[in-house]
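Visitor: I would like to go through the side-chain contacts of this structure. Please show it first.

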Amino acid sequence: MQFSKKSLLFLVFGLLLSFVLVACASEPDESGNNKSEGDGEGTSEEEVVEGGELVIANQSDAVSLDPAGSNDTPSSNVQANIYETLVHLDADMQLQPGLATEWEAVEDNVWEFKLRDDVTFHDGSEFNAEVVKANIDRILDPDVASPRFFLYEMVEEVEVVDDYTVRFVTEYPFAPFPAHIAHNGGGMVSKDAIDADYEAMENGEEPGTYISENPVGTGYFKFDSWNPGTEIRLVKNEDYWGEPAHLDSVVFKVVSEGLTRVAELQTGDSHIVDPLNVNDVEQVEGTDGVHVAPQESVSLSYIGFNVQKEPFDNPDVRKAINMAIDKSQIIDGIYNGIGIPAVGPLAPPVFGYDENAPGLEYNLDEAKQLLADAGYEDGFSTTIWTNDTQERIDAATNVQSQLKELNIDVEVEVMEWGTYLDRTAQGDHEMFVLGWSTVTGDADYGLYPLFHSDNVGEPGNRTFLENDDLDAMLEDARREEDEDTRLQLYSDIQAELTELAPMLYLHHQEYLLGVSDDVQGLTQLPTQILQLHDVSLKQ
């Protein structure tokens with residue numbers, strides 16, 4: 001593979017990132033998940049059994065099976081098996097070839113990708129440079145209004161050099177571009193499906209409706225059926241261009257209640273519980289034939305404020321709430337000490353993280369003074385929204401209790417996942433509990449979607465923060481080529497966010513799965529996405 005100076009620099013970033021991830025893990029196996037002896041993973045290739053149906057008990061259903069149509073983990077977990085990207089991140093967060101075999105920056109603002117010439121879609125159509133152009137152009141199409149627009153908004157033009165060479169001309173130099181191409185939002189959809197979706201739009205359908213109902217990618221699994229709210233079923237792609245999957249099929253079953261998911265695992269009705277609630281770890285560990293699989297992450301859990309609504313339009317109110325919350329109660333009491341306290345939005349393994357960034361430490365007296373200065377000495381009433389993740393419900397309830405010290409009366413409201421995403425994207429909320437995973441391993445993805453004013457609502461900025469100075473800083477950081485200068489810019493941004501306080505940063509969690517010992521070859525990335533290509537089941 002050929003590398004320019006910039007692509008080499010990005011590789012160095014990846015190597016540094018992988019070092020941190022490995023250093024934080026405790027003896028991970030080859031699949032990338034920590035395990036104890038007897039877990040049933042990591043068996044030799046001779047022992048791999050072909051066939052069988054893997055059942056995954058998921059807390060939430062997918063929102064959309066269109067890669068351009070959603071930006072949530074449940075959707076991405078399904079999409080990652082149907083669609084493939086030009087490059088992808090492995091378990092060590094290093095870039096690897098995918099549908100592209102080589103890539104390099106041929107100019108400061110031009111990235112060139114050489115594509116595989118032996119790939120066909122599930123519908124039999126050909127994968128080539130024209131397809132890549134159609135996919136990225138669609139994400140950038142304002143009529144489609146993709147929530148993943150921010151990933152490629154710097155792209156001015158997609159050039160088809162020849163059938164299997166494509167170039168991306170960006171508005172400015174953008175070092176993390178290959179990592180953005182590796183994002184699941186860059187999953188390649190059949191050109192025929194794209195054309196059919198545009199035709200459906202002309203007939204009054206919402207963008208992505210056809211693709212979500214008829215997902216066609218190049219992946220090792222292909223779509224079979226979707227019973228919304230119940231399950232999604234994928235089947236093996238027998239004509240896959242690479243090594244085929246071992247499994248015959250995969251079912252993503254919606255099981256919203258945590259204990260019910262554990263019961264599914266114990267009875268063998270499901271092979272994987274995703275996620276495993278921290279309160280259920282002991283029960284899984286005490287059950288023969290199943291185990292807990294933890295994974296270090298690049299994620300953030302947070303409580304956000306809608307800064308467009310009173311009293312959260314006052315930064316002193318937001319700071320006061322930050323300083324009134326003892327995070328140790330949440331991390332130790334709710335997450336059983338799993339994870340580390342978050343000072344800012346970036347997890348330690350992310351490029352751009354500043355270990356010396358200022359934070360808002362717990363100080364109840366200072367919190368009361370700030371609230372009084374803001375004119376709310378007697379407190380106020382508000383609501384905090386959450387989806388039906390038990391830890392998030394418990395975190396919201398804990399914050400409700402702690403804020404009584406400031407005479408703030410909080411009502412907790414729990415919603416179904418899809419409704420929750422829709423309503424927080426519309427700005428109906430006041431306070432809310434959510435998370436974000438910096439899936440590219442670069443600070444740009446951990447900051448730009450969450451805080452730039454162009455991304456208010458569905459793309460990620462659900463605090464509805466709009467600040468011209470911060471916007472300019474975020475734009476400068478993503479355009480800067482020099483590594484040291486970028487790091488300083490991100491340090492400045494993290495300091496500015498402390499002053500703006502759009503969120504109460506809770507912690508950087510560790511992902512937990514409940515897994516049957518019959519499951520072999522399972523990997524979960526630090527981005528929370530399950531890797532199912534190498535998975536097999538003992539028969």
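This is a predicted model: local features need pLDDT of at least 70, side-chain atom pairs count only at pLDDT 80 or more; totals for chains, interfaces and linings use all residues.

Visitor: Which residues of helix α11 are buried, and on how wide an arc around the axis do they lie?
Guide: Helix α11 spans residues 364-373, and its buried residues are L364, A367, L370 and L371. Residues three or four places apart in an α-helix point the same way, because there are 3.6 residues a turn.

Visitor: Which exposed residues does the face of α11 turned away from its buried side carry?
Guide: The buried side of α11 is covered by elements that include α9 (315-324), β15 (380-387) and β16 (408-415). The face turned away from that side carries the exposed residues D365 and D373.

Visitor: Is the aromatic pair of W111 and F177 stacked or edge-to-face?
Guide: W111 lies in strand β5 and F177 in helix α4, 66 residues apart. Their ring centres are 6.5 Å apart, with 25° between the planes. Planes under 30 degrees apart count as stacked, so the pair of W111 and F177 is stacked.

Visitor: Is the pair of F312 and F380 stacked or edge-to-face?
Guide: F312 is in the loop between β13 (299-305) and α9, while F380 is in strand β15. F312 is buried at a relative accessible area of 0%, and F380 is buried at 12%. The ring centres of F312 and F380 are 5.9 Å apart and the planes stand at 85°, so the pair is edge-to-face.

Visitor: Over which ring does the charged end of R478 sit?
Guide: The charged end of R478 is 3.6 Å from the centre of the ring in question. That ring belongs to Y448.

Visitor: Are the salt-bridge partners D197 and R138 buried or exposed?
Guide: D197 in helix α5 and R138 in helix α3 are 59 residues apart, and their side chains meet at 3.5 Å, N to O. The relative accessible area of D197 is 1%, and that of R138 is 3%. Buried means under 20%, so D197 and R138 are both buried.

Visitor: How many residues apart are K319 and E499, which form a salt bridge?
Guide: The closest N and O atoms of K319 and E499 are 2.9 Å apart. K319 counts as buried at 14% relative accessibility, whereas E499 is partly exposed at 45%.

Technical notes:
Residues are numbered from 1 along each chain as its sequence is written. Side-chain values use heavy atoms; hydrogens and water are left out. Buried means under 20% relative accessible area, exposed over 50%, partly exposed in between (1.4 Å probe, protein chains only). Helices (H or I, at least four residues) and strands (E, at least two) are DSSP runs, numbered from the N terminus. Contact means heavy atoms within 4.5 Å. Rings of Phe, Tyr and Trp (its six-membered ring) pair if their centres lie within 6.5 Å; planes under 30 degrees apart count as stacked, over 60 as edge-to-face and the rest as tilted. A charge sits over a ring if NZ of Lys or CZ of Arg is within 6 Å of the ring centre and within 35 degrees of the ring normal. A salt bridge is a side-chain nitrogen of Lys or Arg within 4 Å of a carboxyl oxygen of Asp or Glu.
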